[in-house]
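Subject: Structure handover

Hello,

Here is the structure for your files.

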Amino acid sequence: MSLYTSRLTWTGNQGQGNRSYKGYQRTWSVTTPGKPEIHCSNDPLLGGDPSLHNPEDLLLSALSACHMLWYLHLAFDAGIEVHGYEDTPEATGENEPSGAGRFLSATLKPLITLAQGTDQAAADAVHSKIHAVCFIARSVNFPVTYDARYQELS
């Protein structure tokens with residue numbers, strides 16, 4: 001069993017609490033012991049600060065990071081030498097008239113740099129094993145797919 005903790009503190013009180021709907025900011029900070037503080041806001045579509053992370057950004061990034069870490073591990077186990085990994089994941093969501101929203105799907109789009117001569121089909125096959133072990137992917141209720149691209153180390 002693992003225990004994860006963090007502290008979330010609302011930072012958007014402008015002196016009147018949430019007395020009026022437009023009288024407070026949707027901002028907060030996240031702290032985890034021994035780690036840098038993360039300043040956050042809600043989605044810019046809902047009036048949030050576009051320069052700050054929002055919950056949707058953080059969930060998509062966590063999903064991508066978990067996939068990357070498992071990819072590196074399982075690729076190592078398979079004898080696949082990885083020299084670079086970048087991802088530009090995308091997620092599709094829906095917002096209902098009530099304001100409720102949810103993710104419908106996510107696609108991870110990693111660009112992976114492999115050692116010269118690596119079997120790209122074998123490198124690609126590693127992705128299919130990750131959903132069974134990735135903590136974040138196993139925790140979400142929407143489909144996660146991948147569309148990986150590969151390049152060889154020059």
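This is a predicted model: local features need pLDDT of at least 70, side-chain atom pairs count only at pLDDT 80 or more; totals for chains, interfaces and linings use all residues.

Residues are numbered from 1 along each chain as its sequence is written, and side-chain values use heavy atoms, with hydrogens and water left out.

Overall

The chain has 3 helices and 9 strands (DSSP runs numbered from the N terminus: H or I of at least four residues for helices, E of at least two for strands). Along the sequence they follow the pattern β-β-β-α-β-β-β-β-α-α-β-β. Along the principal axes, the C-alpha atoms fill a box of roughly 65 × 40 × 35 Å.

Sheet β1-β2-β3

These 3 strands form an open sheet with antiparallel pairing, in the order given in the heading, β1-β2-β3 (two strands pair if DSSP finds at least two bridges between them). β1 (7-10) and β3 are at the edges with a single partner strand each, so one side of each has no neighbour in the sheet. Direction ignored, neighbouring strands are turned by 25 degrees against each other on average (axes are lines fitted to C-alpha atoms, for helices over the stretch in contact; angles run from 0 to 180 degrees between N-to-C directions).

β1 and β2 are joined antiparallel over 4 bridges, and R7 has T31 in β2 as its bridge partner. Between β2 (residues 27-31) and β3 (residues 38-41) there are 4 bridges, also antiparallel, with S29 partnered by H39 in β3. The hairpin of β2 and β3 has 6 residues between the strands, and G34 in that hairpin takes a positive phi near 80 degrees.

Sheet β5-β6-β8

This open sheet of 3 strands, ordered β5-β6-β8, has mixed pairing. Its edge strands, β5 (90-95) and β8 (144-146), each pair on one side only. The twist averages 20 degrees from one strand to the next. Helix α1 (residues 55-77) packs on the sheet and touches β5, β6 and β8, its direction making about 35 degrees with that of β6 (contact means heavy atoms within 4.5 Å). β6 (residues 101-108) pairs with β8 in the parallel sense over 3 bridges, and T107 stands opposite T145 in β8.

Pockets

The largest pocket holds about 630 Å³ of space. (On a 1 Å grid over the protein atoms alone, a pocket is an open set of points where a 1.4 Å probe fits, with protein on both sides within 12 Å along at least five of seven lines; lining residues have an atom within 4 Å of a point. Points are joined across faces, edges and corners, and the volume is the space filled by probe spheres set on them.) Its lining has 16 residues, of which S6, V30, T32, I38 and A62 lie nearest the centre. β2 and α1 are the elements that give two or more residues to this lining, and α1 has the largest share, 4 residues. By class, the lining of the largest pocket has 11 nonpolar, 4 polar and 1 charged residues (Ala, Val, Leu, Ile, Met, Phe, Trp, Tyr, Cys and Pro count as nonpolar, Asp, Glu, Lys and Arg as charged, the others, Gly among them, as polar).

The second largest pocket holds about 410 Å³. Its 17 lining residues include D43, E56, G93, N95 and F103, which lie nearest its centre. The lining of the second largest pocket has 5 nonpolar, 6 polar and 6 charged residues.

Regards
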